[in-house]
Number of protein chains: 2
Amino acid sequence: MERRLDQDLDRVRQALLRMGGMVEGMVAKATQSLLERDNQLCIEVIESDNEVDHLEIEIDEACHLILGTKQPTAVDLRFLVAVMKINSDLERIGDSAVNIAQSVVQLNDQPPLKPYIDLPHLSELVQAMVRRSLDAFVRRDTALAAEVCQSDDAVDGLYKQLFRELLTYMIEDPKTVSRALHLLLISRNMERIADHATNIAEDVIYYVEGRDLRHSSGVPEPTRKAI
Amino acid sequence: MERRLDQDLDRVRQALLRMGGMVEGMVAKATQSLLERDNQLCIEVIESDNEVDHLEIEIDEACHLILGTKQPTAVDLRFLVAVMKINSDLERIGDSAVNIAQSVVQLNDQPPLKPYIDLPHLSELVQAMVRRSLDAFVRRDTALAAEVCQSDDAVDGLYKQLFRELLTYMIEDPKTVSRALHLLLISRNMERIADHATNIAEDVIYYVEGRDLRHSSGVPEPTRKAI
């Protein structure tokens, strides 16, 4: 009754994509809750975290089972290692979406600080990075993965700009401190989601090409001595 | 010429402990740089990040190699999965220490906001969690790992207290905003390091007992902040 390895791998891939769709939806909904001042949406985001946590464990356990019983090698082994890493990043993206929703709940108690322009833009950039990193994974598309890594710079620039603007609010008017601080934490969580999408894109490159691009400039590193 | 599996595993364990010692030292040094207003220490922390990044990749590659060539099973397989997860958490602890050092550089440009009492205390709690989570790993001591998970509550309590205090500073005196914000970001990074130590402790329990305690009621949940 032993299933074939590629069927097992395909089930894991499907579960990971379901997880990706869930957390991407959480980020979108958390942003919508900010723009529409809708606490019900915040609650939905916070509640869906449980499902994400369970899915993370399910995916991890499926990977461990395959590793332990089917002894995959080469590209299949790299696939499973990539799935375990991507799984962890997706779960943390879900956590960041929850953090954003919790800040929005605090903000909705007070009048709006300002019209939001940069923050929705930041959120769109970040959501696109998550979506494209998973597309790159499905299509084994390293060029797309490299694009995702590059777009992290735009996110960092926008985050720094928002940070300075919000700091100025706080300094100029003490009444804005609490709201500006929550907006700052929301921006920070967005920036962190972009980092996770970048991690995912790097894992895709490792999986497809068998080289590790973390902490490098995109140029393959010289071979490192074994431990 | 094939080395025995347990020798390979032991090398990985040694490398992981070296990594743990490095990042724990970075957290200690970043805290010292804050208390002694010493920019040189900040630079040392920021510079050691490179070494941590390389060690992370070395450890990961060693694990992949063992997985791909020695096909470990049962407890050895769980050990390797735990090492890869702990490795990733240690690298992120290093990143948090760098974030702290970068905030300290900004703080050292300005007169001190207040005598630091809670922050060094928070740092000590957090460093002890990192150290004890790795001790639990070495000794396969699940009781110690469970203690680490429980001490996360004390860290969360102290973080919330610091957050409220710093927010009050910002609201009462606009001149303190920038400094209070950096202290807040430092506290936030400490709290995040405690979360990583908790993850490590949970991985130890998975490795020793083969059960997954994440997101369960067996151990306090990985904490999520209201802010």
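Helices (H or I, at least four residues) and strands (E, at least two) are taken here as DSSP runs, numbered from the N terminus. The legends describe a predicted model, in which local features need pLDDT of at least 70 and side-chain atom pairs count only at pLDDT 80 or more, whereas totals for chains, interfaces and linings use all residues. Residues are numbered from 1 along each chain as its sequence is written, chains are lettered from A and ligands numbered from 1 in the order in which they are written, and side-chain values use heavy atoms, with hydrogens and water left out.

**View 1. The ends of helix H2 in chain A.** Beyond the end of H2(A) comes Gln71(A), which has a positive phi near 40°. The helix itself covers residues 39–70, and its 32 residues reach 47 Å from the first C-alpha to the last, close to the 46 Å expected at 1.5 Å a residue (the expected span being 1.5 Å times one less than the number of residues). At the start of H2(A), a side-chain oxygen of Asp38(A) comes to within 2.9 Å of the backbone nitrogen of Gln40(A).

**View 2. The contact between chain A and chain B.** Contact (heavy atoms within 4.5 Å) involves 48 residues from chain A and 47 residues from chain B. The area buried between the chains is about 4300 Å², with carbon and sulfur atoms giving 58%; buried area is the accessible area (1.4 Å probe) that two parts lose on being put together, summed over both. Four salt bridges are found across this interface, a salt bridge being a side-chain nitrogen of Lys or Arg within 4 Å of a carboxyl oxygen of Asp or Glu. Asp89(A) forms a salt bridge with Arg92(B), their closest N and O atoms lying 3.5 Å apart. On the side of chain B that touches chain A, the elements giving two or more residues are H1, H2, H3, H5 and H6 of chain B, and H2(B) provides the largest share, twelve residues.

**View 3. The two copies superposed.** With least-squares superposition on the C-alpha atoms of residues with pLDDT of at least 70 in both copies, chain B can be laid on chain A with an RMSD of 0.0 Å by a turn of 179° and a shift of 0.0 Å along the axis. The two copies are therefore related as by a two-fold rotation axis.

Technical notes: A polar contact is a pair of N or O atoms within 3.5 Å; within protein, one must be able to donate a hydrogen and the other to accept it, and residues adjacent in sequence count only if both atoms are side-chain atoms.
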